[in-house]
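Colleague: I am new to this structure and would like to know what stands behind the terms used for it. Please take me through it.

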2 protein chains.
Amino acid sequence: MADKSQKSGSQNQPQQATIRHALDVSRKDDFAAWYQAVVSQADMAEESGVRGCMVIKPWGWGIWERIQRLLDDRIKETGHDNCYFPLFIPLSYFAKEAEHVEGFAKEMAVVTHHRLKAEDGSLVVDPDAKLEEPLVVRPTSETVIGHAMGRWIQSWRDLPLKINQWANVVRWEMRTRMFLRTSEFLWQEGHTAHTDKAGAMDETLLMLEVYRAFAEDVLAMPVVAGEKPENERFPGADATYSIEAMMQDGKALQAGTSHYLGTTFADAANIKYQDDQGAEQLCHTTSWGVSTRLIGGVIMTHGDDDGLRVPPRIAPHQIVLLPMLRGKDGDSELLAYCEDLKKHLTAQDAFREPVRVLLDTKPGKAAQKRWNWVRKGAPLIVEVGPRDMAGEKVALLRRDQLWTDEGKANMSFEGREDFLFNAAGMLEEIQLGLFEEAKQRRDDAIRHDITTMEGLAEYFAEGTEKPGWVKAAWSRPTGEALDKVVEQLKALKLTIRNTPQGDAKPEDPCIFTGEPAVETIFIARAY
Amino acid sequence: MADKSQKSGSQNQPQQATIRHALDVSRKDDFAAWYQAVVSQADMAEESGVRGCMVIKPWGWGIWERIQRLLDDRIKETGHDNCYFPLFIPLSYFAKEAEHVEGFAKEMAVVTHHRLKAEDGSLVVDPDAKLEEPLVVRPTSETVIGHAMGRWIQSWRDLPLKINQWANVVRWEMRTRMFLRTSEFLWQEGHTAHTDKAGAMDETLLMLEVYRAFAEDVLAMPVVAGEKPENERFPGADATYSIEAMMQDGKALQAGTSHYLGTTFADAANIKYQDDQGAEQLCHTTSWGVSTRLIGGVIMTHGDDDGLRVPPRIAPHQIVLLPMLRGKDGDSELLAYCEDLKKHLTAQDAFREPVRVLLDTKPGKAAQKRWNWVRKGAPLIVEVGPRDMAGEKVALLRRDQLWTDEGKANMSFEGREDFLFNAAGMLEEIQLGLFEEAKQRRDDAIRHDITTMEGLAEYFAEGTEKPGWVKAAWSRPTGEALDKVVEQLKALKLTIRNTPQGDAKPEDPCIFTGEPAVETIFIARAY
């Protein structure tokens, strides 16, 4: 790969040195191309050859495994049980739903046959093996889980029923982008049933808070938790809440949703219970989910012009040890020295957290291996050569402090004992630093001083470099009045993201109508 | 549920007491009905309403989660990386495979359309949304992973490439049985590529050994690891190995397979590398997998007439604490006492392993709750009433020692401290005890003294109660000679399971041909 040393510049002005970055496209020049470059060069995922479906490679998958495990712990801690429901949903289940749910997305993969047959030396679909009823590959599981709930719930004693599944789902997307929008994606979907609205709303907001805390604590991704406007609700929901994150190009990413479904789905799937007076009642249900889209959010929150920076809590390897092997005498001592470092780092004792360490002994040139790990975003890269070993030292590269002011790789040399003692703390520092950096950037890119549609149009005018979000006051119009606002915003390629929780009633008038406002909203371009 | 007290019997003969079991069907009377009763009454899974697909409920899913986590650790320890590949495989990928692989199973779910549309107030498949190329829901992923390997491998330096995925797969089964044979099932599939046959064979046998050790150490399920006969190979494989377990009805269950694929799939998917001389070579590949079928194996290995007995290492809850709540004063002290027990049991310290504990405070009668957990097979059920608390005691029911000789529930009363000190050890004892019991039963049910087809026919004749396995000598016929043997066995509903590893060359002649034998085989009825 490219030479990483300082580009030739005036020796009198070291501050002016130009850093030659590890990617050949920058965020500033072409954010979309930069995103694809990170996905590819950090070895996260690739096109599969199957339309709209990706292959998630080990580094990308390792991040998803960490997300799954840590979020699953929180889902279980809040009293949910995991189950598994079928991939296929009979068409008739949707037909029933459709009566209740206008605007249900209809782009789905449909299984119509169950056999192939040989013909002219090739395989074709056997026309004699047509299914009596077509099966839809689940785009989400409200219908099939609703039917199960209908079977499982008899009395108020069975409530609340709180379940979750980790699964693949398919929505036939026309334009796909890796992790952000793919035909097949992976997610968790929680589904709960309650005796009344109060219980279901508590659950809806509990899971919104679980998502907020998870995004911020684990992904180091600051988010705004709040209610979506009426026009952005999940079809059939009485209320939809989301967490919204700001990407480095200023756009919003909806990173998780939590829905209060009222009794709509209970009515369609016959989810009823006998209350303590013996009367039959409809359950109030909720659903909530996050997906592999979170990985796209992590990339666009923490990536830089050298590739990805993975927050330590979700890094498959938090520390990568690179021994400078030379294929000769001395290699075995060097390996033993590194094995010993690894042993100490991964040991659990009362004073240190165990750390996830890879000792990378694959063949390849040392510099090339280093820059591969920089692009992948391993939080700490530790190089050990014979001289380091002799001096009981290691050479340390922090992914979040990659360059010196002079534009050189910012290697520091640490004594072995100091490094072992400080490693876990350093990872924690990187985790918090990434969050603070992202939060500062987001907060700086939120405008609070735009109070009219003209101001909005001007701020988001073509040519404005990376506009952020506008936080504005509004009067919460509904129905046709809201449709008109949505139409106006659409002309500017804008959407209302959500109403943040806990804001005071604003003093400004409604940005759309000039009427007295009731709450604040975020307006932004979005993925 | 049924009264669990001793059935009325002669008081002079307490040894003769009849135990009224928690299930209303016994293994002896109807093994298939007993299996369904356990699946249902242990709350493992249920029919979903979608043909051939099941809903896996929390207790069944919790067992699968434990299996996944513990096997995944072993897969990673042996140097494999997890990835994720698409659910859909273009039909043309199979067509190419079909040239090489005769007998490829053709019962697959085929997606032909990508949209629904509203019609007459219902939803139908939109005929205008036909896919240009049909997509097959993966029945296994050799083809799509092979294509990826073809892209990823350039030189010998990229080898071995060792990957694994956890995924759902679909095979359109006509007759399904929960966990054992379902249209959709969950599994892991490992796929590796190597420079030569020796490396690929090492891998094939390594994973066979990983499966053997996992089945025995973790599932407490004794298995025979060995090579399948030629006629039972995975289509396209040069050699197929399996682990075979004996169920309590004497039938064999193939519980995992590991295949050496030679260069067949490499040739089809163009998986080539440049060797260290610069010459292009085909890779030698392997694949190996286990599935949710393992749960069926656990049920039929460890279940008894009271329901399931879950080996502690895979039990979602190893200890269930049942406080005898009365809905009055004193409940809060009792709960606090149980919370404290749980805290001590789940604490990790240098002297004790942490234990997975459920404090079950759901409404319901104490006896009913106890028998629910008996049927589910929680290893230790601990009841705590106010008197136990006052005496610093607990009442303990070991699932593996459920009944006294007098036919009563075998409750023992233990001091709190003793219980806390002994709990982890008791779980270990149960784990080992379940394995020893199953191994003894299997070994007792293997016949070594049958050396002719007549003897075989007699042993497996209709009316013989639960025949086990026959271990016999054979001359390893191939081609048509083998076909003839397979045909003869089929008439007796028998199959050759595998050739166990490590057996000495037998002295008996071949059971089929009378010719000198070269190795031993297991012959059995099978699932």
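Modeller: Helix H8 (residues 331-346) and helix H11 (residues 416-444), both of chain B, pack at about 30 degrees with axes 10 Å apart. This is a predicted model, in which local features need pLDDT of at least 70 and side-chain atom pairs pLDDT 80 or more, while totals for chains, interfaces and linings use all residues. Residues are numbered from 1 along each chain, chains are lettered from A, and side-chain values use heavy atoms without hydrogens and water.

Colleague: Which residues of H8(B) and H11(B) meet?

Modeller: B:Tyr337, B:Asp340, B:Leu341, B:His344 and B:Leu345 meet B:Arg416, B:Phe419, B:Leu420 and B:Ala423, contact being heavy atoms within 4.5 Å.

Colleague: Why are residues of H9(A) called buried?

Modeller: Buried means under 20% relative accessible area (exposed is over 50%, partly exposed in between; 1.4 Å probe, protein chains only). In H9 (residues 366-376) of chain A, A:Trp371 and A:Trp373 are among the buried residues, so each lies under 20%. The buried residues of H9(A) pack against elements including helix H1 (31-41) and strand S17 (319-323) of chain A.

Colleague: What is the predictor's confidence in chain A?

Modeller: On the pLDDT scale from 0 to 100, the mean for chain A is 93. Over residues 1-14 of chain A the pLDDT is below 50. Where pLDDT is low, predicted coordinates should not be read in detail.

Methods:
Axes fitted to C-alpha atoms, helices over the stretch in contact; angles between N-to-C directions. Helix = DSSP H or I, 4+ residues; strand = E, 2+ residues; numbered from the N terminus.
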